[in-house]
Amino acid sequence: MSTVPSSSNSFLPTELQTAVLGGSESIPESTPIIKGYAFPPPPSSASSSSSSSVDYESLLDAMLTTGFQATHFAMACDEVTRMLTWRLSQEDLENTQEGLEMKEALRDTEFEDPATHNDVRTKIFLGCTSNLISSGVRESIRYLCQHKLIDVLVTTAGGIEEDLIKCLAPTYVGD
């Protein structure tokens, strides 16, 4: 396998260069680079400063360059709010078939006592494909994990080409 020098002075196999790093058209200088919102670090436990708060206007402005396609963004926001605020205490466990089944499932568990129902929250899983990690969405996923807004993250292994593309040069917003 022969190698070809890349622009970063490292050597890549010719097959990789041909398959992944094929020719491109020139890109106008004004083309935005794919990049997510730069979330501030979480506040330290000792102090909670306003400098670590999210700038929501900038967050929404950054959607232009995150590579994120959200046709139903508002519906997704409503669903996320519902997941974050749901408590078992909100469910009618007496007057619906679903509630009666839930009550039966709770029998002989630590949650059988209604006093514990306000402590039972949604377990939130986030599933995504690896290409979201190598796009501007990575910063948003990191924020969700860092601030414990999701309980479980499941992602695909993806292909090495995503990592190579992200490491070798910026990715630009296309048509």
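Glu-79 and Arg-82 sit three residues apart, about one turn, in helix H3, which covers residues 73–85. Helices here are DSSP runs of H or I with at least four residues, strands are runs of E with at least two, and both are numbered from the N terminus. The two side chains form a salt bridge, with 2.7 Å between the closest N and O atoms. A salt bridge means a side-chain nitrogen of Lys or Arg within 4 Å of a carboxyl oxygen of Asp or Glu. Side chains of opposite charge can pair when their charged atoms come close.

Before I go on, the ground rules. This is a predicted model, in which local features need pLDDT of at least 70 and side-chain atom pairs count only at pLDDT 80 or more, while totals for chains, interfaces and linings use all residues. Residues are numbered from 1 along each chain as its sequence is written, and side-chain values use heavy atoms, leaving out hydrogens and water.

How many salt bridges are there by this rule? The count is three. Glu-94 pairs with Lys-103, the closest N and O atoms being 2.5 Å apart. Arg-107 pairs with Glu-104 at 2.8 Å, N to O.

Are these residues buried or exposed? Buried means under 20% relative accessible area, exposed means over 50%, and partly exposed is in between, with a 1.4 Å probe and protein chains only. Glu-79 is partly exposed at 34%. Arg-107 has 41% and is partly exposed; Glu-104 has 47% and is partly exposed.

Now the inside. Which residues make up the largest nonpolar core? They are Tyr-37, Phe-39, Val-54, Leu-59, Ala-62 and Tyr-143, six in all. A nonpolar core is a set of buried Ala, Val, Leu, Ile, Met, Phe, Trp, Tyr and Cys residues joined through side-chain atoms within 4.5 Å. Leaving aside residues up to four places away in sequence, Leu-59 touches Tyr-37, Phe-39 and Val-54; contact means heavy atoms within 4.5 Å. A second, separate core has five residues, including Trp-86, Leu-88, Leu-93 and Leu-106. In soluble globular proteins, nonpolar side chains tend to be buried together.

Tyr-143 leads us to helix H6, residues 138–146, whose buried residues are Glu-139, Ile-141 and Tyr-143. These buried residues pack against strand E3 (125–128), helix H5 (130–133) and E4. Just after H6, Lys-148 takes a positive phi of about 55°.

Next, a loop. Gly-158 lies between strand E4 (152–155) and helix H7 (160–168). Gly-158 is partly exposed, with 47% relative accessibility. Gly-158 and Ser-130 are 28 residues apart in sequence, yet their C-alpha atoms are 5.0 Å apart in space.

Another loop, between helix H1 (14–20) and helix H2 (56–62), holds Ile-33. Ile-33 is partly exposed at 37% relative accessibility.

Last, confidence. pLDDT is the predictor's confidence in each residue, from 0 to 100. The protein's mean pLDDT is 80, and 85% of its residues reach 70 or more. Where does pLDDT stay under 50? That happens over residues 1–6, for which the model has 18 contacts beyond four places in sequence. Where pLDDT is low, the predicted coordinates should not be read in detail.
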